[in-house]
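Subject: Structure for your review

Dear colleague,

Please find below the structure that I would like to hand over to you.

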Amino acid sequence: KILILDFGSQYTQLIARRVRELNVYCEIYPYNNVPALTEDVKGVILSGSPCSVRDEIHPTIDLSQFLGKIPVLGVCYGAQLMAHELGGEVTPSTIREYGRARLNEIHNHDRLLKELTIGSVVWMSHGDTIKEIPDNIEVIASTESVRVAAYKLKGQETYGIQFHPEVTHSDEGKTLLRNFVVHICGCIQDWTSEQFVESTVAALKEQLGDDKVVLGLSGGVDSSVAAMLIHHAIGKNLYCIFVDNGLLRKDEFENVLDSYKHMGLNVKGVDSKSKFYTALAGLTDPELKRKAIGRVFIEVFDEESHRIEDVKWLAQGTIYPDVIESMSVKGPSATIKSHHNVGGLPDFMKLKVVEPLKALFKDEVRLVGKTLKIDDAILGRHPFPGPGLAIRILGDVTPEKVNILQSVDHIFISNLKKTGLYDEVWQAGAILTPVQTVGVMGDERTYENVVALRAVTSIDGMTADWSRLPYEFLADVSNEIINKVKGVNRVVYDISSKPPATIEWE
Ligand code: XMP
């Protein structure tokens, strides 16, 4: 495997994804928490950083643990850090290098740059530049304005590059990464979803034996794939619980429950709608709504898991970005939700935890899901928030409002599917506002609610842009909603990006 040491760059995860796309396994660690080198580590990549090596206090590592012992590739800050530590000089760029540049000099005989071509576009994003290098460093590529665009430490497999090969704007970035990971580090390209399924199922069999495992299904991709992997390992000893909180999409509970049964899962659907509605009654504050939903879910799940005699494990669909987040350079940003601490932990949270997806990125989870032959309807599903429609009903939540919003949402989503736009959008949904406006229907004055439609494009939900849905499509959806859904007489489309807005309205 490859170790990627993170100095806080926004691109670190992208490096990892590119390496994984080469079918090579890699792990990210924060620079201040580097694991000891083991035999399976074939190479190290040092990431970029928002910091500068010229700052008195800047992130650094003990390079002697790697240099000369194992191939190292420093990217941007990683390259500057090595150059700095080895006696070179890093200065502020006279012209700020940001955006596309072209390599105009390449030492092709060097293994890192094999098959790269003169004129190749590389993506630059740095405020510092490597001005002077010591004698033991050789420049192996340049652009017009950056002489040290790539360098090699003479006599060892240590490289630095000023540009970002992980960004798709770098035309031959993937070739460069392949050169490093496969040809220089000698990694075998065996990280495939088939291989993952085979080895994970075998490992789960070993780990779980005849033990019983409980898992909460949400209808989403992660919990479904986690369930199928464990199902392949232990069959009926996996007890799945799917809770109807009354805040799902129209008919979703029944449809998804059906799919799960078809997939052969041992799943119990639990109708807890009224418990959730009771807890939500009168609550208008978004955070209080979230907390109430979280609390009731834990109560229901705890009660259900108590019914499973002698259960030993709790399975979770945690994926790699959650793991990275929890040990990131900046420290865990997600605080444990307060309700987890009220009155001690519920019993199911004391179970041993099994997380079969914790090494995977989201796109890899989907690939594994495909390998496991999970329905496209589940794998291609838009993300949906845990608190469901409750955070799309502004103000207090009632079953009647849920009903109205379900109908609106259903019209919007089914039209997206019908017109083939569903897969172009990352997430879509409708919001029921408490705003009432005047309208006219036939000869009658109406005074009803405004709903908003929201559709966004995004990679990971951290940033998002509003989808440029065709006017004709919006016109049709708006017409259908106003004609068919009682209680709604106006439809608006949300054209805010994130940031500064968020995807959800609450
Ligand atoms: P925001 O609104 O923060 O949403 O831009 C980003 C992504 O997270 C989802 N989301 C949630 N998911 N519990 C969840 O499980 C929540 O409380 C929650 N709030 C937002 C949202 O749907 C989007 O995909």
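Which polar backbone atom is 2.7 Å from an oxygen atom of the ligand? The atom belongs to Ile-503. Please bear in mind that the model is predicted.

A polar backbone atom of Gly-386 lies 2.9 Å from an oxygen atom of the ligand. For Arg-290, a polar side-chain atom is found 2.6 Å from a ligand oxygen atom. On its own, the ligand has 490 Å² of accessible area, and the protein covers 69% of that area.

The residues around the ligand include Pro-385, Pro-387, Ile-391, Trp-426, Gly-461, Lys-498 and Thr-502. Sorted by class, this shell has 5 nonpolar, 4 polar and 3 charged residues.

I turn now to empty space inside the protein. Rolling a probe the size of a water molecule over the atoms shows where such space is left. Among the residues lining the largest cavity are Arg-392, Ala-428, Gly-429, Ile-431, Arg-454 and Val-456. Strand 15 (427-441) and strand 16 (444-458) each supply at least two lining residues; strand 15 gives the most, with 4. The lining comprises 4 nonpolar, 2 polar and 3 charged residues.

Finally, Gln-427, Ile-503 and Glu-504 line the largest cavity and are also among the residues around the ligand.

Yours sincerely,
A colleague

Definitions and conventions. Residues are numbered from 1 along each chain as its sequence is written. This is a predicted model: local features need pLDDT of at least 70, side-chain atom pairs count only at pLDDT 80 or more; totals for chains, interfaces and linings use all residues. Side-chain values use heavy atoms; hydrogens and water are left out. On a 1 Å grid over the protein atoms alone, a cavity is a set of points where a 1.4 Å probe fits but cannot get out, and a pocket is an open set with protein on both sides within 12 Å along at least five of seven lines; lining residues have an atom within 4 Å of a point. Ala, Val, Leu, Ile, Met, Phe, Trp, Tyr, Cys and Pro count as nonpolar, Asp, Glu, Lys and Arg as charged, and the others, Gly among them, as polar. A residue is near a molecule or strand if one of its heavy atoms lies within 4 Å of it. A polar contact is a pair of N or O atoms within 3.5 Å; within protein, one must be able to donate a hydrogen and the other to accept it, and residues adjacent in sequence count only if both atoms are side-chain atoms. Accessible areas come from the Shrake-Rupley method with a 1.4 Å probe; for residues, only the protein chains shown count as cover.
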